[in-house]
Amino acid sequence: MEKRITTPLTLEKVKDLKAGDTVLISGTIYTSRDAGHKRFVDLLDKGESLPFDPKDQIIYYVGPTPTKPGHAFGSAGPTSSYRMDPYAPRLLEVGLRGMIGKGLRNEAVIESIKKNGGVYFAAIGGAAALIGKAVKKAEIIAYEDLGAEALRELQVEDLPVIVVIDSEGNNLYEQGQKEYLDSVK
């Protein structure tokens with residue numbers, strides 16, 4: 001089922017999303033990858049504030065290509081999410097609601113998604129140029145020294161994603177494999 005959501009991504013909105021739903025996201029989202037996530041957790045460990053408020057927000061695991069003239073953002077293919085697995089539970093604990101990436105998540109992340117009312121979306125790597133066009137505005141807000149991995153605030157319109165792991169822990173990767181295997185018996 002296709003759904004449209006506008007950020008912030010509240011718990012009520014998350015609970016309405018089910019594994020397998022296609023979603024068009026509009027509003028503010030953030031970008032960061034593993035180097036930025038490590039800095040986030042280091043700040044939290046020191047009792048310091050993050051350079052953005054993660055409450056009810058979405059982080060897209062992306063390192064965009066250089067921006068072409070006339071565009072707000074470069075191609076925006078997702079990064080493999082497992083690289084953020086050591087940090088994701090801590091961010092979910094402080095209010096992060098959504099993550100966008102590609103690939104499997106470990107059991108600790110899935111348990112944290114269920115415990116904290118989060119959701120994991122997948123973006124399609126082959127659609128990086130299309131995804132980049134959904135970005136209407138991009139601004140680096142921290143960690144400019146990380147280049148493509150800097151923390152950015154994006155304004156997006158109809159960013160296409162798929163719910164892979166919903167707030168109940170339903171996992172599209174597992175469901176899809178099971179359905180396939182059941183069909184070939």
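Q: Contact means heavy atoms within 4.5 Å. Which residues does Asp85 touch, not counting residues up to four places away in sequence?

A: With those sequence neighbours left out, Asp85 touches Leu104, Arg105, Asn106 and Val109. This is a predicted model, in which local features need pLDDT of at least 70, side-chain atom pairs count only at pLDDT 80 or more, and totals for chains, interfaces and linings use all residues. Residues are numbered from 1 along each chain as its sequence is written, and side-chain values use heavy atoms, with hydrogens and water left out.

Q: With which side chain does Asp85 make a polar contact?

A: A polar contact is a pair of N or O atoms within 3.5 Å; within protein, one must be able to donate a hydrogen and the other to accept it, and residues adjacent in sequence count only if both atoms are side-chain atoms. Here the Asp85 side chain makes one with the side chain of Arg105, at 2.6 Å.

Q: Where does Asp85 lie, and is Asp85 buried or exposed?

A: Helices (H or I, at least four residues) and strands (E, at least two) are DSSP runs, numbered from the N terminus. Asp85 lies in the loop between strand 3 (58-60) and helix 3 (88-93). Buried means under 20% relative accessible area, exposed over 50%, partly exposed in between (1.4 Å probe, protein chains only). Asp85 has 7% relative accessibility, so Asp85 counts as buried.

Q: Where is Arg152 found, and what does Arg152 touch?

A: Arg152 is found in strand 7 (residues 151-165). At 13% relative accessibility, Arg152 also counts as buried. Beyond residues up to four places away in sequence, its contacts include Ile29, Tyr30, Thr31, Pro64 and Phe73. The C-alpha atoms of Arg152 and Ser32 are separated by 7.1 Å, although these residues are 120 apart along the chain.

Q: Which side chains of strand 1 point to the buried face?

A: In strand 1 (residues 2-6) the side chains alternate.

Q: How many bridges join strand 1 to strand 2?

A: Two strands pair if DSSP finds at least two bridges between them. Five bridges join strand 1 to strand 2 (residues 22-31), and the two run parallel. Glu2 stands opposite Thr22 in strand 2.

Q: How many helices and strands are there in the chain?

A: The chain has six helices and seven strands. From the N terminus on, the elements run β-α-β-α-β-α-β-α-β-α-β-β-α.

Q: How much of the chain is buried?

A: Buried residues make up 50% of the 185 residues. Among contacts between residues at least 6 apart in sequence, 63% join residues at least 24 apart.
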